[in-house]
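Subject: Structure handover

Hello,

Here is the structure for you to take over. My notes on what was found follow below it.

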Amino acid sequence: MFMRINYRNVTSLLFVFTIFSALYSCQEKESKKDQALNTDTAVNDSSEKLPLPSKFTPGETFNNYWYAGEAEITSYKLEQARYGEIREGNAVLVYVTEPFLPKKQVKADNQKPNNVSVLKLNATKNFNTGIYPYSIMQSTFYPVDNNQHAIKVSASIQEWCGQVYTQINNRNQFEIMSHSYFESEADENFKLEKTILENELWTQLRIDPKSLPTGKIDIIPSLEFIRLKHVPLRAYEGNATMNNGNYSIEYPELNRTLSIKFNPQFPYEILSWEETFKSGYGANAQTLTTKATKLEGIKSAYWNKNSNSNSKLRKTLQLE
């Protein structure tokens, strides 16, 4: 006696099995992908154009200052060149160490063996141009080891015309993502060969100013300057010099000079800076100098100072 085979049912079963196998395979691939993303390893900086400093070993003085559970907050009187005129405002530099995930490139929620200790700088500027305000923030995540480039740099600029955002991630190359309300800069994703980042120098200086690069260098200017001046985000030739607590970079192609004055003694606090460039458009463009001069500095776990009673600290910083 032969069993009658229902080929329609067999075909249906084979189809279901095929779909199930495909879904399982996809899930397995996704699981492996997620596992890879969660396995943090050090950033690969083996493709550098220039030799990087030797690994920095923090001493007791450094650890007592930067690992005390507080941030260093310093306010500055700002004279900002914009649209061919000088605008008054304020700038703030917030330095703090934190654990960082080198592959996901975000702050770590928990202590893990592969976390990288970074010195983070959040640099803000606020000023008005006529009726409307500008708000600028740049963030740099720089390894305390001081032997590789910043793991991540980002910048956002808001004003009444719109907003722009740019981010650099340090992987095998610099990976750039940028968004802007300007048509010519709209949405961009591209890669650049690794080289010195102007943004990272402000944190490298606080770790070891003697390690700062000097002489002729290829350097990517600050993301703030790139976006405010609408110049291509790439490396430009620069000439860097160090002289008695003053670090300067001249960019011939950009007609721009940046000069940072700092205390040559630890913790190497930044006292002031100047940035000279052409401001304005067309016939109104003229060479002006942005200046920032220190007002006040404090150490504080500011993330816990968010009640109305803590607003007096803004007066201490002369921000009100």
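Gly215 has Ala240 in β12 as its bridge partner. β12 (residues 236-242) runs antiparallel to β11, and 5 bridges join the two. Strands here are DSSP E runs of at least two residues and helices are H or I runs of at least four, both numbered from the N terminus; two strands pair if DSSP finds at least two bridges between them.

This is a predicted model, in which local features need pLDDT of at least 70 and side-chain atom pairs count only at pLDDT 80 or more, while totals for chains, interfaces and linings use all residues. Residues are numbered from 1 along each chain as its sequence is written, and side-chain values use heavy atoms, with hydrogens and water left out.

β11 (residues 215-220) also pairs with β10 (residues 196-197), in the parallel sense and over 2 bridges. Leu197 stands opposite Ile220 of β11. Between β10 and β11 the chain passes through α3, and this β-α-β crossover is right-handed (with the strands pointing away from the viewer, the path from the first strand over the helix to the second runs clockwise).

Next, the cavities. A cavity is a set of points on a 1 Å grid over the protein atoms alone where a 1.4 Å probe fits but cannot get out, and its lining residues have an atom within 4 Å of a point. Points are joined across faces, edges and corners, and a volume is the space filled by probe spheres set on them. There are 2 cavities of 30 Å³ or more.

The largest cavity holds about 260 Å³. Its lining has 20 residues, with Ala123, Lys125, Gln138, Trp202 and Glu224 nearest the centre. Among the elements supplying at least two lining residues each are β4 (116-129), β5 (132-143) and α3 (198-207). By class, the lining has 9 nonpolar, 6 polar and 5 charged residues (nonpolar: Ala, Val, Leu, Ile, Met, Phe, Trp, Tyr, Cys and Pro; charged: Asp, Glu, Lys and Arg; polar: the others, Gly among them).

The second largest cavity holds about 70 Å³. Its lining includes Gln80, Arg82, Glu224 and Phe277. α4 gives the largest share of that lining, 4 residues.

Finally, confidence. pLDDT, the predictor's confidence in each residue from 0 to 100, averages 88 over the protein chain, and 84% of the residues score at least 70. Over residues 7-42 the pLDDT stays under 50, and the model has 14 contacts beyond four places in sequence for them (contact means heavy atoms within 4.5 Å).

Regards

Notes
1 Å grid on protein atoms, 1.4 Å probe; cavity = no way out; pocket = protein on both sides within 12 Å on 5 of 7 lines; lining within 4 Å.
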